[in-house]
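Me: I'd like to learn how to read aromatic pairs and the strands around them. Can you walk me through it?

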Amino acid sequence: MLGTLSKLNTSLNSADEVQYQLPVGDALIPLNPLIGKSLTLTHTGNIFCCNCGKKTKKSYSQGHCYVCMQKLASCDMCIMKPETCHFDQGTCREPEWAQTHCFVPHYVYLSNTSGIKVGITRHNQIPTRWIDQGATQGLPIFKVSTRKMSGLIEIELAKFINDKTHWQAMLKSHNDDVDLVAQAAELIPLIAEKLQQIAAEHSDIIIERLDANIQAIQYPIEQFPLKVKSHNFDKVAEVTGTLQGIKGQYLIFDTGVINIRKFSSYEVEVSHK
């Protein structure tokens, strides 16, 4: 099968185990049945922008050509750092896009990845966001009406808790379960004064404290890597081996791991036995 890669499609079954599909062009390859079997991905050397479709020598912002990376709002710095939103300055790259992606409800959450961390995501990206980062537990703690507001709250919580995933540690094992509800109960009072200040400065924004349940997430893994070695299509065109598991956006082979999302828009040929 030949086509360009996109980030892994994911869903949770009734047992809270992630079901994975590998998008290759317009096709979707179910991956869970391939665990324990031989899988080969071979990069043809071609990269096609996921937005305009033009061939590009290098991928920017997970699958874009340089021109699209420079013009699309989804590739702007404020996506990585929502607190830097410049919409009110009239300089947003795509105001209409922002209305449907940034000025919609967002969640501030705690998750258990390589440890407990804080993060943010759009209202329609739970539990997808947790799965993509390899979290084994997730808990939304605040619901707000804009992306910028979620970023401002995340900054305050990140003064007391990690806001990044250490991906190597995440891939080596599943963390022990943590009482995220209790963690939230300890953290939120630490930012209470700052929350009041943020609310006063943005009186048109709603901040809702949530009383949600912890979402458990199980990953299809037969064996964790003892040492994490990364495959890179820019250095070696072929990734092959026995597929031992999948976690986050990583395929775990007996020969190393590969981050599929990192290589979005790379044209590959996929075969399995």
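Me: How many aromatic pairs are there, and what counts as one?

Reply: Rings of Phe, Tyr and Trp (its six-membered ring) pair if their centres lie within 6.5 Å; planes under 30 degrees apart are stacked, over 60 edge-to-face, and the rest tilted. Here that gives 7 aromatic pairs. Take Trp-167 and Tyr-250: their ring centres are 5.4 Å apart and the planes sit at 5 degrees, so this pair is stacked. Keep in mind that the model is predicted: local features need pLDDT of at least 70, side-chain atom pairs count only at pLDDT 80 or more, while totals for chains, interfaces and linings use all residues. Residues are numbered from 1 along each chain as its sequence is written, and side-chain values use heavy atoms, leaving out hydrogens and water.

Me: Are these two residues buried or exposed?

Reply: Buried means under 20% relative accessible area, exposed over 50%, and partly exposed in between (1.4 Å probe, protein chains only). Tyr-250 is buried at 11%, whereas Trp-167, at 28%, is partly exposed.

Me: What does β12 pair with?

Reply: Two strands pair if DSSP finds at least two bridges between them. β12 runs antiparallel to β11 (residues 238-247) over 4 bridges, and 4 bridges also join β12 to antiparallel β13 (residues 256-259). Phe-253 is the bridge partner of Leu-243, and Gly-256 in β13 is the bridge partner of Phe-253.

Conventions: Helix = DSSP H or I, 4+ residues; strand = E, 2+ residues; numbered from the N terminus.
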